[in-house]
Amino acid sequence: AIENSQGVVEFDMQGHILRANDNFLQLTGYTIDELKGQHHRIFVDKHEAQTAAYRAFWAKLNRGEYDEGEYLRFTKKGQRIYLRASYNPMFDLQGNPFKVVKYCADVTAEKLERLAVEAQLSAVSDSSCILDVDRHGVIRDVNPLMEKALGYSRVDLIGKSDAILLFEDDANSEQHKRMWSKLREGVSVHEEIRRKGALG
């Protein structure tokens with residue numbers, strides 16, 4: 001079932017390719033003859049392959065520890081693909097790892113969509129004041145522009161009620177109650193509202 005649904009590739013403990021299934025070959029664009037005997041670094045950015053982190057990755061596998069996560073890899077044509085994968089050491093009868101089996105799935109579309117959303121959020125954060133509160137009005141995060149506008153630091157605000165930023169007549173107003181009623185129903189609210197800064 002795994003062979004039919006995921007890419008599977010096997011390495012010796014030095015990182016050389018022993019076997020790859022059809023799914024993995026289709027993902028990367030290689031034939032098995034092109035891959036057999038090649039090192040894992042064939043899929044990795046050449047600068048990453050020279051890093052201490054990459055050496056530590058293989059040292060970890062050689063200790064018999066598995067690794068999993070999302071990895072940026074490269075196809076035969078040099079295209080970037082993101083794989084959700086696990087690297088699993090296999091053990092001989094003496095308990096020593098003798099090969100590594102990697103199971104993976106292509107999550108490139110999902111990853112690129114996430115990166116696009118993160119870029120949009122970053123752009124909004126760079127140009128707008130943002131206050132992140134939970135449904136009870138407790139402040140979870142504040143961006144630098146909001147810190148500057150209010151005169152508070154993140155440390156001053158995180159974990160506090162947003163009531164700290166309200167003038168008394170605003171806190172008891174129908175507008176404020178109506179806004180929170182809509183928010184708790186999952187309705188977006190676009191209003192011009194005032195907030196009380198650190199100096200009152």
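Reply: A charge sits over a ring if NZ of Lys or CZ of Arg is within 6 Å of the ring centre and within 35 degrees of the ring normal. Keep in mind that this is a predicted model.

The charged end of Lys196 is over the ring of Phe167, 5.9 Å from its centre. Arg194 also lies over the face of Phe167, at 4.5 Å from the ring centre.

Searching the whole structure turns up nine aromatic pairs. One of them joins Phe57 and Trp58, with 5.6 Å from centre to centre and 85° between the planes, an edge-to-face arrangement. Phe57 counts as buried because its relative accessibility is 11%, under the 20% cut-off. Trp58 has a relative accessible area of 7%, so Trp58 is buried too.

Next come Tyr71 and Tyr87: their ring centres are 5.4 Å apart and their planes are at 80°, so this pair is edge-to-face. Tyr71 belongs to strand β3 (residues 67–74) and Tyr87 to strand β4 (residues 80–91), so to speak a link between distant parts of the chain, 16 residues apart. Both Tyr71 and Tyr87 are buried.

Conventions. Residues numbered from 1 in each chain as written. Predicted model: local features only at pLDDT ≥ 70, side-chain atom pairs only at ≥ 80, totals over all residues. Heavy atoms only, no water. Phe/Tyr/Trp six-rings, centres within 6.5 Å; stacked < 30°, edge-to-face > 60°. Buried < 20%, exposed > 50% of the residue type's maximum accessible area, 1.4 Å probe, protein only. Helix = DSSP H or I, 4+ residues; strand = E, 2+ residues; numbered from the N terminus.
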